[in-house]
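Here are my notes on one helix pair and the cores of this model. Please read them alongside the coordinates.

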Amino acid sequence: MKKVLGALLLGATIVSAFIAYSMYTNHSAKQTAAIEQKQAAKKAEKKTEKKKKPVLKVEDLTYQLKDSRTGQVMKEFKPVHYKDKDAYDQEIKQLASELAKGIDTPMQNIKMDANGSLTGGSKQIILKEAELVKNLQNLNTKQLDVKVPIYETAPNVTAASAQGIADVSLASYSTRFRPSDTSRNRNVQLSAEAINNVVLGPGDSFSYNQTVGERTAERGYQPAPEIINKQLVMGIGGGICQTSSTLFNAIDGAGLQVTARSHHSKHVGYVPAGRDATVSWGGPDFKFTNNKDYPVIIKAYANVNTGVLTVDVRTSQHAI
C-alpha cells in the first residue's frame with residue numbers, strides 16, 4: 001500500500017512539474033516573441049525615419065568663404081558643379097583668381113631719405129590661390145565655413161638694422177647712353193631716381209614696375225624709342241629698360257636672388273647679350289629678393305652730362 005501511495009505521489013509530482021514547466025516555457029516564448037516584435041517594430045521605424053530624413057549633399061549647401069585674418073565673410077559660395085570634377089576645378093580656380101585680384105598687394109619697399117631716416121614702406125598681401133582651391137576641393141556637409149588663406153608680410157627693416165647700410169659696396173654696374181638724346185635720358189633719370197635709396201631687409205622682395213610706377217606723360221616720362229616685337233617704336237618711357245638691365249647686373253653681381261626676368265626681343269647695345277631685363281607696365285617685370293641675412297640699399301644715379309648710369313648695391317661693414 002505504501003508503495004502504491006508513493007508511486008502515486010511521485011506521479012503527481014512529475015505531472016505538476018511538467019505542467020509548471022510547460023506554463024513557464026509558454027510564458028518565456030511569449031515574452032521572447034514580444035521582445036522580438038518590439039525590436040522589429042523599432043527597426044522598421046528607423047528605416048522609415050531614414051527614408052523620411054533627406055541626405056545632405058555638398059552641392060546642395062551654401063558655404064561662407066571667410067578671411068583667415070579677420071573671420072569676416074568675403075563671399076557665399078554654392079558648389080553646384082561639385083560632382084563634375086573637371087568643371088568644378090575650373091570654377092574654383094577662377095574663383096580663387098578673382099578673389100586674389102582684389103586682395104594681392106605688392107610690398108612697397110622702405111627708402112632712406114637724405115638724413116638717413118627710413119621712410120614709407122607697406123606690407124605685401126597675398127591670397128594663396130592653390131591653398132584656397134585645395135580647401136574648396138575638400139568640402140563636407142558638417143563644416144560650412146571655408147578659410148580664405150591671406151598672408152601679410154611687412155618690410156623686414158628697422159632703423160637699427162639699417163645703421164651704416166651704405167658703407168660697403170657688394171656690387172656695382174654701369175652702362176652708357178648718349179647725352180644728346182634728352183627725352184630718353186630723362187626717362188632713364190626718372191627711373192633711376194625711383195629705385196635710388198630703396199632698402200631691402202632679409203627676405204624682402206622688389207618689383208621694378210611697382211617701384212618705378214606707371215610711365216606716363218603726367219609723371220614726366222617722355223616719348224622715346226623702345227623695342228616691341230623686334231622693332232624700334234616710339235613710346236612713353238622708352239629707355240627705362242636700360243635702368244632695369246643695369247639694376248639686374250648689379251644685383252646679380254651682389255648675389256641677390258632674381259625671381260622674374262625677361263629678355264628683349266632684340267639685342268640691346270648697353271649690356272652684353274643675355275644680360276638685359278625688359279619691363280613694361282602691365283607686362284614683363286623684373287623682380288628679385290634679398291636672400292641675404294642682412295639689409296641692403298640700392299644706389300642709382302644717371303649722369304645726363306657724361307651719359308653714365310650706375311647702380312650700386314651696398315650694405316653696412318659689420319653685416320658682412
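1. Arg184, Asn187, Val188, Ser191, Ala192 and Ile195 of α4 meet Ile240, Gln242, Thr243 and Leu247 of α6. Contact here means heavy atoms within 4.5 Å. Helices are DSSP runs (H or I, at least four residues), strands likewise (E, at least two), numbered from the N terminus. By type, the residues of this contact are five nonpolar, four polar and one charged. Nonpolar covers Ala, Val, Leu, Ile, Met, Phe, Trp, Tyr, Cys and Pro; charged covers Asp, Glu, Lys and Arg; the others, Gly among them, are polar.

2. This is a predicted model: local features need pLDDT of at least 70, side-chain atom pairs count only at pLDDT 80 or more, and totals for chains, interfaces and linings use all residues. Numbering starts from 1 along each chain as its sequence is written, and side-chain values use heavy atoms, without hydrogens and water.

3. The axes of α4 and α6 are 7 Å apart, at an angle of about 45°. Axes are lines fitted to C-alpha atoms over the stretch in contact, with angles from 0 to 180 degrees between N-to-C directions.

4. Ile195 also touches Phe206, Tyr208, Thr211, Val212, Ile298, Ala300 and Val311, among others, not counting residues up to four places away in sequence.

5. The largest nonpolar core has 36 residues; Ile195, Phe206, Tyr208, Leu247, Phe286, Phe288 and Ile298 touch the most other members. α6 gives the largest share, seven residues. Such a core joins buried Ala, Val, Leu, Ile, Met, Phe, Trp, Tyr and Cys through side-chain atoms within 4.5 Å; buried means under 20% relative accessible area (1.4 Å probe, protein chains only).

6. A second, separate core has 21 residues, including Tyr88, Ile103, Leu132 and Val133.

Notes:
Buried means under 20% relative accessible area, exposed over 50%, partly exposed in between (1.4 Å probe, protein chains only).
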